[in-house]
Amino acid sequence: MTAVLESGTPLQADENAARDYHRRSAGLRTASPAEAAAELAEISTSIRRDILTTIQSAGMGHVGGDLSVTDLMVTALWGTLHMHPTEVDHPQRDRFVLSKGHCAAALYSTLASCGFFPRSRLSEYMAPLSPLNGHPARLKVPGVETNSGPLGHGFPVATGCALGAKLRGETWRTIVVLGDGEMQEGSNWEAAMTAAHYRLGNLTAVVDRNRLQQGARTEDTKSLEPLDAKWASFGWEVRVIDGHDHRAIKEAYAPSTTGQPVAVIANTTKGKGVSFMEDRVEWHHKVPTDEQVRLALEELNR
């Protein structure tokens, strides 16, 4: 698959970055838990910087959710899954699906860090005719498994990926990241029921549980608790973690121990890493000023 900008400018792999990704990713698999967590935290901080400057340049984006999901995404792509930035349709690749597709800046920044395309192309985020638009598109961006953004769609697709692997006797895994507000969509619970029925132990669903959605707290909009018990009642193996603790995330991404699909409820903070954005609903879809970006980068550089 070659992702092509309508004007003719393709998004192609950054081979140097891809080589570095393969080297560091392999090292993360053999490093001690403490060493791996420290390196993943370093990568996540770098991704958060890119998210801020990318959204600042575009003048639009979902910075709060981008920052809350960063650690979950980095640990999946760098520390867990086997990805192939220079061969994106590799048949044995693991699959990663970002169901909360409005947090595209986090996905693009992480894919660029892996070498799926040059980091310099992040400056095209949301630009006219850019493939890096507000919701990820599979035919435009290497490393994107499926178009996502409409809530409740990515998880069913990921379930289909995992079912396809099982039917074919393949060993690759699928990790899908969902927003907690997205769990108010009925199609997600249909997917959860289906995955448990077919015992898709190769599927991990990760809920970015930051407790905020577009305009309010999730529990004020439509209560989700007890979320862990709900997943368990659908037949899932449930793991509840601190979604910013890289060691805990990496351990939670370990394969199923029961043969059932795994649900990771990752307690996170919207706007994580930037004090004046943390746990503030207005940063769901708000663009920081130049001064706010300067202050945010100062915090992340400490």
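Modeller: Helix 1 (15-30) and helix 2 (33-58) each put at least two residues into the lining of the second largest pocket. Helices here are DSSP runs of H or I with at least four residues, strands are runs of E with at least two, and both are numbered from the N terminus. The model is predicted, so to speak of local features a pLDDT of at least 70 is needed, side-chain atom pairs count only at pLDDT 80 or more, and totals for chains, interfaces and linings use all residues. Residues are numbered from 1 along each chain as its sequence is written, and side-chain values use heavy atoms, with hydrogens and water left out.

Helix 2 gives the most to this lining, with five residues. The volume of the pocket is about 160 Å³. A volume is the space filled by probe spheres set on grid points, which are joined across faces, edges and corners. The grid has a 1 Å spacing and covers the protein atoms alone; a pocket is an open set of points with protein on both sides within 12 Å along at least five of seven lines, a cavity is a set where a 1.4 Å probe fits but cannot get out, and lining residues have an atom within 4 Å of a point.

Among the lining residues are Asp-20, Arg-24, Glu-42, Asp-50, Trp-78 and Arg-119. By class, the lining holds four nonpolar, two polar and five charged residues. Ala, Val, Leu, Ile, Met, Phe, Trp, Tyr, Cys and Pro count as nonpolar, Asp, Glu, Lys and Arg as charged, and the others, Gly among them, as polar.

Follow Trp-78 next. Rings of Phe, Tyr and Trp (its six-membered ring) pair if their centres lie within 6.5 Å; planes under 30 degrees apart are stacked, over 60 edge-to-face, and the rest tilted. The model has eight aromatic pairs by this rule. One of them joins Tyr-21 and Trp-78, edge-to-face, with 5.0 Å between centres and 80 degrees between planes. This pair links distant parts of the chain: Tyr-21 is in helix 1, Trp-78 in helix 3, and they are 57 residues apart. Trp-78 is buried, with a relative accessible area of 2%. Buried means under 20%, exposed over 50%, and partly exposed in between (1.4 Å probe, protein chains only). Tyr-21 counts as buried because its relative accessibility is 1%.

Now step along helix 3 (residues 63-79), where Thr-75 is found. Its relative accessibility is 0%, so Thr-75 counts as buried. From Thr-75 to Tyr-21 there are 54 residues in sequence and 13 Å in space, C-alpha to C-alpha. A contact means heavy atoms within 4.5 Å. Not counting residues up to four places away in sequence, Thr-75 touches Leu-40, Thr-80, His-246, Ile-249, Lys-250 and Tyr-253.

For comparison, turn to the other spaces. The largest pocket holds about 250 Å³. It is lined by 18 residues, and His-102, Leu-151, Gln-213, Gln-214 and His-284 are the closest to its centre. Its lining divides into two nonpolar, ten polar and six charged residues. There are also two cavities of 30 Å³ or more.
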